[in-house]
There are 2 protein chains.
Amino acid sequence: MRKWYEETAENGDVVISSRVRLARNLRSYRFGSRLSDEDAVRLVKEVQDAAPLVKEKDGKRYFLCNVNHLSEVNRQAMVERYVVSPTLAGKKQETGLILSEDESVSIMINEEDHIRIQSVTAGMDLEKVFAEANFIDDILSEQLSFSFDDRFGYLTACPTNVGTGLRASYMLFLPALTMTGRVEKLSEEMGKYGVTIRGLYGEGTKSQGCLYQVSNQKTLGRTEKEIIANLDCIVDQVIKQERRRREYMLQAGYDEIEDKIFRSYGILKYARQIGVEDAMTLLAQLKFGADAGVVKLKEDVNLHILMMNIQPAGLQKLLGKNVGSSVRDRARAEYIRNKLPDIERGQNS
Amino acid sequence: MRKWYEETAENGDVVISSRVRLARNLRSYRFGSRLSDEDAVRLVKEVQDAAPLVKEKDGKRYFLCNVNHLSEVNRQAMVERYVVSPTLAGKKQETGLILSEDESVSIMINEEDHIRIQSVTAGMDLEKVFAEANFIDDILSEQLSFSFDDRFGYLTACPTNVGTGLRASYMLFLPALTMTGRVEKLSEEMGKYGVTIRGLYGEGTKSQGCLYQVSNQKTLGRTEKEIIANLDCIVDQVIKQERRRREYMLQAGYDEIEDKIFRSYGILKYARQIGVEDAMTLLAQLKFGADAGVVKLKEDVNLHILMMNIQPAGLQKLLGKNVGSSVRDRARAEYIRNKLPDIERGQNS
């Protein structure tokens, strides 16, 4: 079955994916860090008991697992594929997951909140993923009793999530704004509108490969529709800015950029060992060039998937064993060499 | 006919070529800058009149030209192929050249001295080139009267050349000593033994592509044999040091070096524009890798010739027209892309 990230999508030159997650908590358990280890085990079981109902109503295939029982590499690989959050993967207490086969829906249990319902899709379509998450929320609430206050809305472990419990986010690919050093300024401007821009794997993580997560900061006092409309409005502006910058860069220095993109390809195609940051930067160059029609890859390759697969844990899963970083760097180079098709000049040249 | 630099030679991993030049002056003309423009014309004619005798005795085909009448590009291209010195190419007065078809023998007229006889060969063989230059010297002296003092020897425009008038030099390829930053120290040590190390095109020019000219500084008070023996002794040491460094580098960090060499190839193979310094550095990496068996080029290509041909003027001659530096950088990249064969891992990997 195709994963959600294997689908192609509109606005794919800037918007890699759209994601929402809903924070929910059960009335009958203590919140957050005050949850006892015994209660964590009970909680995971109680929520996973709702899985058959989810399968029945949603019609998708779902898998269950207890994330804290998995190996470090498997947990990390799930983070790299955005299936679980770094918080869930890092937790020592019992944690659980209900995951759809295409990995588009993931229900995390005993993350910061008791339940985090996540829905994700390729390209720019928050309405679709919000509808999906909402649908899952409705199913779960048939069997589980959520903590809800008539005045505040859904109650959550962290006050910033109280209300709708909704975080909506886009993953954006911003090579032109990154190369011209404009992301920091953009971040300040967005902050004024309650929107935040972060690195690849959320809070506190660095940006790699010109990839960023943009999401709403607050949920209290706003409806879901308002949150999504506000984020869409900001992201529309970012898309315009990014595209304008790309056009400008190509007009001002096409030859230099074409050269840079081809050189990035040359290095990726011949390197014998490569670190993840280096590879992400070069792949971002190449993706930018392919999106802008500066170069054409002779076979269709999803460079964003390649970016996901070369992350440390995913690569180890592909290798089928735990290896040190120097072995990984050589395996990464080999993986990229094998995956990259031939290249030629694009239609814009 | 194959040029001298198209021959392969012993010690070719370090010694690219061997060269001698003999400085001679005619009794009947003023020396150096005191030569009048009219006398320069007479001088060039008088020496070129000896060309038939050279042809007859040497048996090679020879071409004559008046270098100052050539275009800037043609003069510069001759410098890049080491056929004439930068001094001769830059002179405004009448200058002349008698050049053998394989470009191994070049008789420069009205350089710093009235006559500079140059002989060059691939690899390490000063005795051969000295014998050749000596032979030409003998032929010329049958028809021309050289300025010679019984006490000092041959008289020259610059005192450093008085005596034998001999400068012997090797062109060395020193990637390992360059990469480990040891050339400067080497230069100091050599200075103590009257040997100097310089950039690619002699005095005052920069090193490119890890290529250096090593030559004797003084000629007075020493016989030709002593000069050559002294230089050979020093260069033998340099060869040993360079080879030891290469071995050490390969033992200490084979994977890193292999990666660097392959990346250099990848950039050379895909760049759309490239400056001469950048290209020389990357080609030096590749030559080092090929010499050391780290990589194998699937077809035999003389990388030193490639290094000569991508110099600015030579490239313009190949293009058949004068072009600006940005067009040249694109032409250089295309030329290299077309010339470089496929690559694979070498027998050492």
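Colleague: What is the strand order of the open sheet in chain B?

Modeller: Before I answer, please keep in mind that this is a predicted model. The open sheet of chain B has 8 strands, in the order β2-β3-β4-β5-β1-β8-β10-β9, with antiparallel pairing. The twist averages 20° from one strand to the next.

Colleague: What makes β2 and β9 of chain B edge strands?

Modeller: β2 (62-65) and β9 (195-198) of chain B each have a single partner strand, so one side of each is left without a neighbour in the sheet.

Colleague: How do you know that β1 and β5 of chain B are paired?

Modeller: Two strands pair if there are at least two bridges between them. Strand β1 (residues 15-24) and strand β5 (residues 115-122) of chain B have 8 bridges, in the antiparallel sense, and therefore they count as a pair. If you want a spot to look at, B:L22 has B:I117 in β5(B) as its bridge partner.

Colleague: Which strands does helix α5 of chain B touch?

Modeller: Helix α5 (residues 126-143) packs on the sheet and touches β1, β2, β4, β5 and β8 (166-173) of chain B. The direction of α5(B) makes about 25° with that of β1(B). Helix α2 (residues 51-58) of chain B lies across β2, β3 (96-100) and β4 (105-109), running at about 165° to β2(B).

Colleague: Why is A:Y82 called buried?

Modeller: Buried means under 20% relative accessible area. A:Y82 has 5% relative accessibility, so it counts as buried. A:Y82 is found in the loop between α3 (72-80) and α4 (86-90) of chain A.

Colleague: What is the phi of A:Y82?

Modeller: A:Y82 has a positive phi of about 65°, although it is not a glycine. Most residues other than glycine have a negative phi. In chain B, take B:C210, another non-glycine residue with a positive phi, near 60°. B:C210 is found in the loop between β9 and β10 (211-216) of chain B. With a relative accessible area of 13%, B:C210 is buried too.

Colleague: Which residues have the most contacts inside the largest nonpolar core?

Modeller: They are A:L286 and B:L286, in a core of 86 residues. Not counting residues up to four places away in sequence, B:L286 touches B:I261, B:Y265, B:L268, B:V295, B:L303, B:L340 and B:I343. In soluble globular proteins, nonpolar side chains tend to be buried together.

Colleague: What makes the relation between the two chains a two-fold axis?

Modeller: Chain B can be laid on chain A with an RMSD of 0.1 Å by a turn of 180° and a shift of 0.1 Å along the axis. That is the relation of a two-fold axis. Of the residues of chain B, B:G266 comes closest to the rotation axis, with its C-alpha at 2.0 Å.

Colleague: How do you know that the copies meet through the same surface?

Modeller: 100% of the interface residues of chain B are also interface residues in chain A, so the copies meet through the same surface.

Colleague: How does the radius of gyration of chain A compare with that of a compact globule?

Modeller: A compact globule with 349 residues would have a radius of gyration near 20 Å; chain A has 21 Å, which agrees. Chain A has 12 helices and 12 strands, and buried residues make up 58% of its 349 residues.

Notes: Residues numbered from 1 in each chain as written. Chains lettered and ligands numbered in written order. Predicted model: local features only at pLDDT ≥ 70, side-chain atom pairs only at ≥ 80, totals over all residues. Heavy atoms only, no water. Core = buried A, V, L, I, M, F, W, Y, C linked by side-chain atoms within 4.5 Å. Buried < 20%, exposed > 50% of the residue type's maximum accessible area, 1.4 Å probe, protein only. Contact = heavy atoms within 4.5 Å. Least-squares fit on C-alpha atoms with pLDDT ≥ 70 in both. Helix = DSSP H or I, 4+ residues; strand = E, 2+ residues; numbered from the N terminus. Axes fitted to C-alpha atoms, helices over the stretch in contact; angles between N-to-C directions. Rg over C-alpha atoms; globule rule 2.2 N^0.38 Å.
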